Amino acid sequence: NATGVNTNCYINYSLDGGSTWSTIKTVSVGDGIGTALWNQSMPEACLNNATIQIVSIIDSDVNATSAEFRLVEKFDVTAPENGTVYVANDTRCINWTRKSISALATVNLSYYNGTGWSFIATVPNAGNYCSWKVPADKSSIDCRVRVASPINEFNYNDSQNPFTVRANVTLRDPNGGQIWDAGSTYPINWSYDGNIQYVSLKYSYEGGVDGTWNYTITDNVSVGSGGLGQYNWTIPAEVQLSTHARIQVADADPIFNSITTDSSNDNFTTRGAVYILAPNATGLILNVTDIYRINWSVFGNIPFVNLTYSNNSSYGPWKPIISNYNASKYHYNWTVPDDISNTLRVNVSDAGNPDVFSNSTQDFQIVGKVNVNAPVAADRWVVDTARQINWTPSGNFTNVSIIASTDDFVTNW
């Protein structure tokens, strides 16, 4: 705003509080308010005490000096922002642009975790810093970084749209190739890093394809401690069995459940299980043609079983008893065959998967049987008379012993 000048003037600037001046341009100054565009001779400098002076070309005593002002850098954070997802404890880059390559030697970097700011480092003003270890203290979808001048707290730029910092979880077992039996208990193991409190566990019998996690094992279990977690899963009978089974572990927090997750690297197998309950007793002796009840239990989706036996302990060959028998009956009344031996065992197997089976844990015996037809209880035999003793044998044997007793075989026989 000039009065009575009406001449050409220099517009000068000073970077040292007015000790020295540099000319920006020459302008014509008349009475009243005037403006000029600083579009040349812009110094590559950032400081807090710059000044402008307008001085008459013909009379240096005609001048005016501005109050001190600040020259600032023009920053623009380019990464991370716009929904980028970073993982706790990963090392990532912070990128930014700046107007000048020499105005500032260093910049201050800070991080906002959704609730507060923390200082990262003072680093060279090179446009990137690739040694940032992503903080693990808090997961958030409202994170930002700031690039700021170290000499002017008001000269900064933040990520324009927030990014995400999440924890990390890695499934360690099962990771492919295992065979797990329904009704048995197996450990699911994982490791974790970052701020995570609880995890969910899911099961897929379709290889986890297209998010087909068919069965929830648990919605909420402690993540563990010291970076490791474990859950002992007893596979229930209703679970669909599969050769393409996989397990998924995920952050139980709904915000991060879909992004903080990991699953088995490859398929494993879940299969049914059968267990023979009888015959399993030590010293068991069965007679040919007797009816013996074979008992078993079933876990998992096994609709039919095959029953076989061996007279060579667990080494086979296995001889058929019955095939495709209703597994849910859990017993079968077996007519003991004429296969005399003392090393017999019974086998129960899944009719649809012969690898799922159970053998008797102890050998038992099959022996022949003799039914005495005469004498009978009502007979009266006289001493020194010849009477006929009759019997019916069952089983493949050739000789019998005939023994008499007068006290029901207690002492005298």
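Modeller: Start with Pro-43. Leaving out residues up to four places away in sequence, Pro-43 touches Tyr-13, Leu-15, Trp-38 and Leu-71. Contact here means heavy atoms within 4.5 Å. This is a predicted model, where local features need pLDDT of at least 70 and side-chain atom pairs 80 or more, while totals for chains, interfaces and linings use all residues. Numbering runs from 1 along each chain as its sequence is written, and side-chain values use heavy atoms, without hydrogens or water.

Pro-43 sits in the loop between β2 (22–29) and β3 (47–56). Strands are DSSP runs of E, at least two residues, numbered from the N terminus. Is Pro-43 buried or exposed? Pro-43 is buried, because its relative accessible area is 16%. Buried means under 20%, exposed over 50%, and partly exposed in between, with a 1.4 Å probe and protein chains only. Compare its position with Gly-127: 84 residues separate Pro-43 and Gly-127 in sequence, and their C-alpha atoms are 20 Å apart.

Cys-143 is in no disulfide; the nearest cysteine sulfur belongs to Cys-93, 17 Å away. Cys-143 counts as buried, because its relative accessibility is 0%. How many disulfides does the structure hold? One. A disulfide is a pair of cysteine sulfur atoms within 2.5 Å. Cys-93 and Cys-130 form it, with sulfurs 2.0 Å apart. The link of Cys-93 and Cys-130 is right-handed, with 110 degrees about the S-S bond. It joins distant parts of the chain: Cys-93 is in strand β8 (residues 91–97), Cys-130 in strand β11 (residues 128–133), and 37 residues separate them. Cys-93 counts as partly exposed at 28%. Cys-130, at 38%, counts as partly exposed as well.

Next comes another loop residue, Asn-267. Asn-267 lies between β22 (261–263) and β23 (268–271). Its contacts beyond four places in sequence are Gly-176, Gly-177, Gly-207, Thr-243, His-244, Ala-245 and Arg-246. With Arg-246, the side chain of Asn-267 makes a polar contact, side chain to side chain, at 2.7 Å. A polar contact is a pair of N or O atoms within 3.5 Å; within protein, one must be able to donate a hydrogen and the other to accept it, and residues adjacent in sequence count only if both atoms are side-chain atoms.

Last, Val-372. Val-372 is in strand β33 (residues 369–374). Val-372 is exposed, because its relative accessible area is 55%.

Note on methods:
Helices (H or I, at least four residues) and strands (E, at least two) are DSSP runs, numbered from the N terminus.
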